[in-house]
There are 2 protein chains.
Amino acid sequence: MDESPHYRPLYRQVYDYLVRQIADGAWRPAEALPSEQALAEKLRVSQGTVRKALDALAAEKLIDRHQGKGTFVAEHTSERALFRFFRLAEPGGERAVPTSEAESARRRPAKAAELRKLHLQKGAQVVEIRRTRLIGGQPAVHECIILPLAVFPSIDRRQPLPNALYALFQQEYGVNIVSTEEELRADAARREDVRHLKLPLGAPLLQIDRVAIALDGSRVEWRVSRCDTTHLVYAVNLS
Amino acid sequence: MDESPHYRPLYRQVYDYLVRQIADGAWRPAEALPSEQALAEKLRVSQGTVRKALDALAAEKLIDRHQGKGTFVAEHTSERALFRFFRLAEPGGERAVPTSEAESARRRPAKAAELRKLHLQKGAQVVEIRRTRLIGGQPAVHECIILPLAVFPSIDRRQPLPNALYALFQQEYGVNIVSTEEELRADAARREDVRHLKLPLGAPLLQIDRVAIALDGSRVEWRVSRCDTTHLVYAVNLS
DNA sequence: GAGTGGTCTAGACCACGCA
DNA sequence: GCGTGGTCTAGACCACTCT
């Protein structure tokens with residue numbers, strides 16, 4: 001494996017090695033990794049040590065393991081991505097499924113706030129995507145998405161964009177979203193919101209400010225969603 | 001251990017046994033459990049099997065483990081409970097710390113919605129607590145908390161209530177809150193909100209509807225918080 | 001030094017998916 | 001029946017805390 005001045009357990013080194021391999025695309029999404037035994041022999045450690053590393057990866061949903069079948073790179077299918085990061089639901093439970101419309105994308109230099117949010121260098125280019133999302137045929141969310149052009153080259157030329165952007169990020173750009181940081185607040189509908197969401201001016205809406213973080217820790221998306229929560233709720237389960 | 005018709009791995013049986021022990025208060029919060037070796041001998045399993053069960057408990061934050069010291073029942077100190085389940089923060093990061101004022105508690109029969117939310121039987125008594133919470137000296141949240149009287153006997157006579165209710169639940173009633181289900185929506189300030197939160201009528205506010213779930217899976221608290229998010233945000237990190 | 005949890009190993013056997 | 005991951009064991013050694 002590798003040597004470092006500070007002590008790092010063997011299984012941790014195996015873990016880091018595997019994360020790097022996945023991030024570098026050594027195995028495609030949904031493709032099988034080598035078996036525990038094969039990895040153990042290749043890395044010259046015991047099978048138990050490999051297993052501990054793989055269990056950690058599975059806990060973070062980076063891989064899927066199936067007894068009798070093998071270990072696979074987790075795939076950001078649109079259903080999974082929606083279920084994992086899209087939190088709007090009917091009050092009481094059922095997860096809501098959105099469709100998109102009225103989409104636009106354009107590239108431009110990043111503004112100061114965007115440089116800060118995405119940890120970009122001055123002068124960086126971004127793509128701004130705006131779209132309205134419908135739930136049950138009704139406009140429910142309008143969102144503004146900022147992406148660094150350097151991470152997603154020419155993504156602005158790729159219209160229409162799929163409903164689940166994170167699946168596109170993974171499949172076409174090799175970018176795995178592993179976590180998000182969100183800030184929620186209530187705000188009053190502005191003229192712009194009235195236009196997008198058929199709400200009265202000043203009506204309360206829920207604003208979700210999200211930064212998405214990739215496998216390598218970089219901040220690759222800033223998304224501000226303004227949601228009509230008359231018929232929907234944002235559902236969180238903490239534990 | 002025990003026998004059941006369906007297959008349950010040994011470590012799972014050890015896990016269930018330990019959960020039951022903790023739920024029954026076999027060890028007080030912050031008290032040490034027996035060592036891995038001692039548990040292994042008592043339960044007639046290998047140390048590795050006990051370890052796997054303990055690791056799972058630690059992952060769910062039911063116990064704390066410290067190399068060289070031992071394994072301890074996790075304690076819901078007020079700081080920890082606030083950090084874990086109180087999500088209001090300054091925009092950008094710093095977690096906000098609330099104080100309470102204008103508190104009231106009274107017992108009464110549960111209403112229909114409360115029976116449903118808390119899975120109570122008709123005729124059950126509940127305690128309704130209302131309080132305003134200040135952040136930085138300013139009223140920021142008004143909440144209405146519904147508790148089943150059967151679970152928290154005489155809790156209505158215990159005023160003033162501590163800021164962190166979940167620590168009280170654990171220490172005085174043996175009730176460990178392990179998870180919550182929340183639904184968030186934006187709403188317009190009503191007359192009642194104006195009185196509590198110094199907001200203009202109709203101003204947007206964030207409503208958090210939370211059910212808290214105890215170690216045994218029972219639903220032991222329904223809390224509706226109405227928050228002024230002019231200066232605060234609700235922060236969520238998903239992964 | 002004694003006792004705790006943490007790491008690592010080697011090997012046996014079980015449960016599952018598939019051909 | 002073979003190969004996969006899942007469980008379980010026994011034992012060695014390491015790292016940390018406390019006395």
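**Close-up views of a predicted two-chain model**

**View 1. Helices α2 and α3 of chain B pack with a right-handed crossing.** In chain B, α2(B) passes α3(B) in a right-handed crossing. This is a predicted model, like everything else shown in these views. The two helices are α2, residues 36-43, and α3, residues 47-59, both of chain B. Their axes come within 8 Å and cross at roughly 115 degrees, which makes α2(B) roughly perpendicular to α3(B). On the α2(B) side, look for B:E36, B:Q37, B:L39, B:A40 and B:L43. Facing them from α3(B) are B:Q47, B:V50, B:R51 and B:L54. Sorted by class, that contact holds five nonpolar residues, two polar ones and two charged ones.

**View 2. Over in chain A, α1 and α3 cross at roughly 55 degrees.** Here the partners are α1, residues 10-23, and α3, residues 47-59, of chain A, with axes that come within 8 Å. At that angle α1(A) is oblique to α3(A), and the crossing is right-handed.

**View 3. Chains A and B meet through 25 residues from each.** Three strands of chain A give two or more residues to the side that touches chain B: β7 (177-188), β8 (204-214) and β10 (233-238). Of the elements on that side, β7(A) gives the most, with 11 residues. If you sort the chain A side by class, you get 14 nonpolar, six polar and five charged residues.

View 4. Turn chain A by 180 degrees, with a shift of 0.0 Å along the axis, and it can be laid on chain B with an RMSD of 0.1 Å. The two copies are thus related as by a two-fold rotation axis. To find that axis from chain A, go to A:P204: its C-alpha is the nearest one in the chain, 2.4 Å from the axis. Both copies use the same surface, and 100% of the contact residues of chain A recur in chain B.

**View 5. B:N163 sits in a loop of chain B.** The loop in question runs between β6 (138-148) and α6 (165-173). B:N163 has 17 other C-beta atoms within 10 Å, so it counts as partly exposed. Leaving out residues up to four places away in sequence, B:N163 touches B:S78, B:P98, B:T99 and B:S100. As for B:C227, it is 64 residues from B:N163 along the chain, and their C-alpha atoms are separated by 17 Å.

**View 6. A:H66 is an exposed residue of a chain A strand.** The strand is β1, residues 63-66 of chain A. A:H66 has 9 C-beta neighbours inside 10 Å, so it counts as exposed.

Definitions and conventions
Residues numbered from 1 in each chain as written. Chains lettered and ligands numbered in written order. Predicted model: local features only at pLDDT ≥ 70, side-chain atom pairs only at ≥ 80, totals over all residues. Least-squares fit on C-alpha atoms with pLDDT ≥ 70 in both. Contact = placed C-beta atoms within 7 Å. Helix = DSSP H or I, 4+ residues; strand = E, 2+ residues; numbered from the N terminus. Buried ≥ 20, exposed ≤ 12 C-beta atoms within 10 Å, placed from the backbone. Axes fitted to C-alpha atoms, helices over the stretch in contact; angles between N-to-C directions. Parallel < 35°, antiparallel > 145°, perpendicular 65-115°, else oblique. Left-handed = near helix turned anticlockwise from the far one by under 90°. Nonpolar A, V, L, I, M, F, W, Y, C, P; charged D, E, K, R; others polar.
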